[in-house]
Structures are given as structure tokens and as C-alpha cells.
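Hi everyone, thanks for coming. Let's look at a pair of helices together, and then at a pocket.

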Amino acid sequence: MTDALKRLADEGVAIWLDDLSRKRITSGNLAELIDQQHVVGVTTNPSIFQKAISGGEGYQQQVADLAVRKLTVEEAVRMITTADVRDAADILRPVYDATGGQDGRVSIEVDPRLAHNTAATIAEAKQLAWLVDRPNTFIKIPATEAGLPAITEVIGLGISVNVTLIFSLERYRAVMDAFLAGLEKAKAAGLDLQKIHSVASFFVSRVDTEIDKRIDKLGTDEAKALRGKAAVANARLAYQAYEEVFSSDRWAALDRANANKQRPLWASTGVKDPAYKDTMYVVDLVAPGTVNTMPEATLEAVADHGEISGDTVRGTYEQAKADIDALAGIGISYDDVVQVLEDEGVEKFESSWNDLLKSTEAELKRLAPSEA
């Protein structure tokens with residue numbers, strides 16, 4: 001069952017699970033995935049926590065305790081989510097130790113309502129790093145314009161960061177620039193750069209979802225020929241940008257100081273359109289030094305019938321550029337698409353966070369002791 005996943009790992013792709021719940025931790029399922037399915041990391045986001053905590057299993061006693069203490073709903077949510085992240089980080093600690101800190105990571109996101117507030121994002125990142133208190137944590141910061149200086153500041157403090165919600169090539173380059181600036185700050189402050197790690201979460205499937213919707217509206221044969229091509233092309237061009245930045249003189253100076261590269265992470269790799277192969281955002285994005293964070297259904301699909309045939313990214317840049325350039329030819333604006341996706345991404349995470357607050361508040365009230 002795991003041959004395809006082993007081949008994927010052997011090609012230099014770190015396999016992470018895009019899901020977390022208390023049941024997954026306490027049942028031994030996460031440990032089993034690490035042991036049998038080559039999983040070496042976990043990502044979370046507000047949607048994942050909302051789904052897990054709304055499901056309720058395993059959370060009742062902690063919520064009851066929090067209700068007795070009369071914590072605010074925001075405080076309660078942070079106590080619940082950081083407990084899960086801390087426990088998952090402990091399960092993954094042997095992987096972290098074995099890989100010199102590169103993998104064995106668990107990501108937790110800053111409050112998505114702070115996505116356009118630089119100072120609040122920095123403060124929240126520091127608080128989360130302190131609260132989880134595990135060296136194998138990534139603090140997730142969105143790649144909004146306000147997020148970029150926060151990334152630099154937080155990396156500069158020596159906190160490892162997972163930059164999330166990257167859709168455009170231009171923004172991805174800005175993210176790498178913010179990361180390098182953060183390393184330079186950390187170096188100037190005398191910090192050990194070997195201890196600072198980062199990934200840049202470049203979103204995949206949502207690009208096809210938005211562009212295919214526009215293609216279907218156009219309905220021409222020329223447009224239909226581009227269905228399902230943009231997301232992979234966009235990610236492949238992102239890897240080209242990664243290769244350029246991390247072979248630059250600026251990077252070389254940091255490399256000499258034992259800094260770690262910021263790895264590209266392919267996020268949103270579950271296929272949304274049933275017309276496409278359910279493994280396409282994995283098998284078509286195999287390249288060394290990358291991370292692919294998969295929902296469990298995608299992980300199982302790759303294990304079952306994924307065809308891993310070596311590097312499928314390098315050597316494709318010319319065709320990838322042609323596929324992206326062709327969008328303008330049929331009247332689809334790449335810049336508009338990626339801006340819509342960023343705006344929607346922030347909104348969706350905010351909405352999930354608000355739903356999480358509401359459902360947690362209801363549980364706190366339900367389990368609160370009656371006043372004598």
C-alpha cells in the first residue's frame with residue numbers, strides 16, 4: 001500500500017497530513033500514519049479545527065474544565081487548539097530529531113481576523129510560539145501584504161514560520177524576500193540560523209477551481225483546452241522562482257551562515273473536480289526539497305494508485321509559462337484570479353474561525369456549572 005508514498009518520499013517530497021483532531025491523536029491514528037504511510041508533518045487551519053471541535057469527540061472534558069474557569073471563548077479556543085498541536089508535536093518529535101528539525105512539524109495559524117494587521121499578527125505569533133512551547137511547531141502567517149513584514153519580524157526573532165495562502169508568483173517572490181530579510185535580521189541579532197525553518201504554502205487546487213469556472217463560462221473550444229492546466233503550471237513556475245532565489249548571491253551569504261532554505265509546500269492538493277485524477281496535484285508536482293500536505297483521502301489515493309515517476313517539475317517551465325500566458329489570450333486575468341483567491345482564502349478562514357468561536361461558546365454554556 002505504501003510503495004507509492006515511499007517513492008514520493010525518496011524523490012525528496014516530504015509527506016504531510018492536512019488534518020488534525022483529538023481523536024486522531026488519542027486513537028493512535030496519527031502515530032500509525034507516521035509509521036506506515038511516511039507522514040512526517042501535520043498542517044492545521046481554522047477550517048480543520050472548526051470541523052474537529054464541532055465534531056466534539058474528545059473535547060468535552062477540557063471544554064467543561066474551561067467553562068468552570070469562566071474563560072472567554074477566544075481563550076478557550078486557543079487552549080483547545082494549542083493542546084492538540086502540542087500533543088501532535090510530541091508524537092512527531094522523533095521525526096523532528098531524525099531530520100535535524102526539517103520535518104516532524106505541526107503548523108498552527110494566527111487568528112485569521114488579524115490577516116491585515118501586521119503588529120497584531122506579530123504579537124499573536126509570539127504568543128502562539130510561547131503557548132505551544134514545542135521546537136517543532138510552525139506558526140502560520142498569511143501572505144497578505146500586511147503579513148509580509150510580520151513574516152520578516154517573526155523569522156528575525158528566531159520563530160519558525162509556515163507562510164500560508166500564497167496564490168500568485170509575484171506574492172511568492174515577496175514571501176521569499178520577506179523570509180531572507182528575516183534571516184538577515186536573525187543573523188544580525190546573533191541567532192543560530194540552523195534552528196530557524198520555514199515553508200511557503202503555495203495553494204494549488206483552488207487555482208483550477210476559479211479558472212475552470214471562468215473557462216466554463218466562456219465555453220469556447222480554445223478555452224476548454226486549458227481546463228485543469230493552470231494550477232499545476234502555476235506551482236511549477238513557483239518552483240522555478242524558488243530555484244532562482246535559492247541560488248542567488250543573497251542566499252549564498254545566508255547559506256554560509258548555516259541557514260535553511262524555505263521549502264515550497266504544495267497546499268490544497270485535494271482534487272475538487274471529479275473529472276481529474278484524484279492524485280494529480282501530487283504526481284504532477286514531484287520535485288526535490290518540497291512538501292506536499294494532503295487531506296487523508298488524497299494520501300490514501302496516492303498510496304493506492306499513485307504513479308510516481310520521478311521529478312515532474314523541472315524541465316516543464318516553458319510549457320507551464322505557455323499555459324499561464326494562454327489565459328490572457330482567452331480573456332482571463334491571472335492577476336484578478338489570484339487576488340480573488342487571496343481575498344476568498346482570508347474570508348473562508350475568518351468564517352471558519354467565527355463558526356469555531358460560536359460552536360465553542362455554545363459548548364461552554366452547555367457545560368457550565370449551574371449557579372447555586
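Helices α3 and α6 are roughly parallel to each other, because the angle between them is about 20° and angles under 35 degrees count as roughly parallel. This is a predicted model, so local features need pLDDT of at least 70 and side-chain atom pairs count only at pLDDT 80 or more, while totals for chains, interfaces and linings use all residues. Residues are numbered from 1 along each chain as its sequence is written, and side-chain values use heavy atoms, without hydrogens and water.

Where are these helices? α3 covers residues 29-36 and α6 covers residues 73-98, with their axes 10 Å apart; axes here are lines fitted to C-alpha atoms over the stretch in contact. Which residues touch, with contact meaning heavy atoms within 4.5 Å? On α3 they are L30, A31 and I34, and on α6 they are A88, I91, L92 and V95. That makes seven nonpolar residues, no polar and no charged; nonpolar means Ala, Val, Leu, Ile, Met, Phe, Trp, Tyr, Cys and Pro, charged means Asp, Glu, Lys and Arg, and the others, Gly among them, are polar.

The largest pocket holds about 500 Å³ of space. A pocket is an open set of points on a 1 Å grid where a 1.4 Å probe fits, with protein on both sides within 12 Å along at least five of seven lines, and lining residues have an atom within 4 Å of a point. Of its 24 lining residues, D18, N45, I48, R206 and S268 are the closest to the centre. Helix α4 gives the most to this lining, with three residues.

Methods. Axes are lines fitted to C-alpha atoms, for helices over the stretch in contact, and angles run from 0 to 180 degrees between N-to-C directions. Helices (H or I, at least four residues) and strands (E, at least two) are DSSP runs, numbered from the N terminus. Angles under 35 degrees count as roughly parallel, over 145 as roughly antiparallel, 65 to 115 as roughly perpendicular and the rest as oblique. Contact means heavy atoms within 4.5 Å. Grid points are joined across faces, edges and corners, and a volume is the space filled by probe spheres set on the points.
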